[in-house]
Amino acid sequence: MDHLTFAQGCVWLMKMKDIIFHTYVQPQSSVTDYRYEITGLTEEHLRNSKSHKEVQDKILEILYNGESARRLMSDSGKARLLVGHDLKHGLDCLRINYPGHLLRDTAKYCPLLKTNLVSHSLKYLTKTYLGYNIQTGEHDPYVDCVSVMRLYKRMRAQDHQVNGIGTPNSDSGFESQKAEELENMTPDELYQLSKSNYKCWCLDSKKAAGPVDF
C-alpha cells in the first residue's frame, strides 16, 4: 500500500512506512521567510532541490502506474488511489490534475466532517480517531503521511453505513432517495449512486489497485 504526501516544499512517497521517493521542491519564487520553527525547512534543504517539473513528472508517473490517460477516468485499471488531507491544496501546489474518483481526502470525507460539513484539522482527527498527538513542534510531513494513511485504513475498515446519508446537507448524491430505498440497495448500487467526493471507503477493499496517499 503506497502513500504519497506533499507539504511545505517537501514530497514523500512511501509504501506503508518505507520511503520510496523523498525530495525537496525548488520554490517557484524566492523565499522571504523559511519559518523553520514551523516548517523545519532551511535554505540548505532547498539548495540542491529538484525543479517543480521534475517532481511533477515523477509523481504523475507513480500515480498513473503505467495506466493510459484514457483508462485513467475508469474505476478499473492500474492507476493508484490518492489519499491525503486537503488534497486540493497539495495538488494545486504541484499543478497536478487527478480524477476525483481516485481521490480519498480526509478533509472532505463526510463521516469525518463537522456537523456543519466543515473540515477538521488533521491534528484533531489524529487525536480523536487514532489517539495520539501530531504537529506539536516543527512540521514533519512524514508523521502527517503516516497519520493520514492510518485514518484512511480505519475508515475503510468500517462496515458500510446508510443511516444519515440521505439527509439534505450530506452532499453525498443521495438527497433525492428515501431512507428505506437506500437500505434496500447493495453496496455496489450505493457506490454507483454516490458522488465522486463521497464513495464509501469500505468499498475500496474490493478493488485491486492499492491506495496512494498524498
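Trp-201 is buried, at a relative accessible area of 3% (buried means under 20%, exposed over 50%, partly exposed in between, with a 1.4 Å probe and protein chains only). The model is a predicted one, where local features need pLDDT of at least 70 and side-chain atom pairs pLDDT 80 or more, while totals for chains, interfaces and linings use all residues. Residues are numbered from 1 along each chain as its sequence is written, and side-chain values use heavy atoms, without hydrogens and water.

The whole structure holds two aromatic pairs (rings of Phe, Tyr and Trp, the latter by its six-membered ring, with centres within 6.5 Å; planes under 30 degrees apart are stacked, over 60 edge-to-face, the rest tilted):

| Pair | Centre distance | Plane angle | Kind |
|---|---|---|---|
| Tyr-109 and Trp-201 | 3.7 Å | 10° | stacked |
| Tyr-152 and Trp-201 | 5.4 Å | 50° | tilted |

Tyr-152 sits in helix α6 (residues 141-156) and Trp-201 in the loop between α8 and β6, so their pair ties together parts 49 residues apart in sequence. Tyr-152 is buried at 0% relative accessible area, and Tyr-109 is buried at 6%. Together, Tyr-109, Tyr-152 and Trp-201 make one aromatic cluster.

Now to the threonine. Thr-126 belongs to helix α5 (residues 122-130); helices here are DSSP runs of H or I with at least four residues, and strands are E runs of at least two, numbered from the N terminus. With 0% relative accessibility, Thr-126 counts as buried. A polar atom of its side chain lies 2.8 Å from the backbone oxygen of Leu-122.

Methods:
A polar contact is a pair of N or O atoms within 3.5 Å; within protein, one must be able to donate a hydrogen and the other to accept it, and residues adjacent in sequence count only if both atoms are side-chain atoms.
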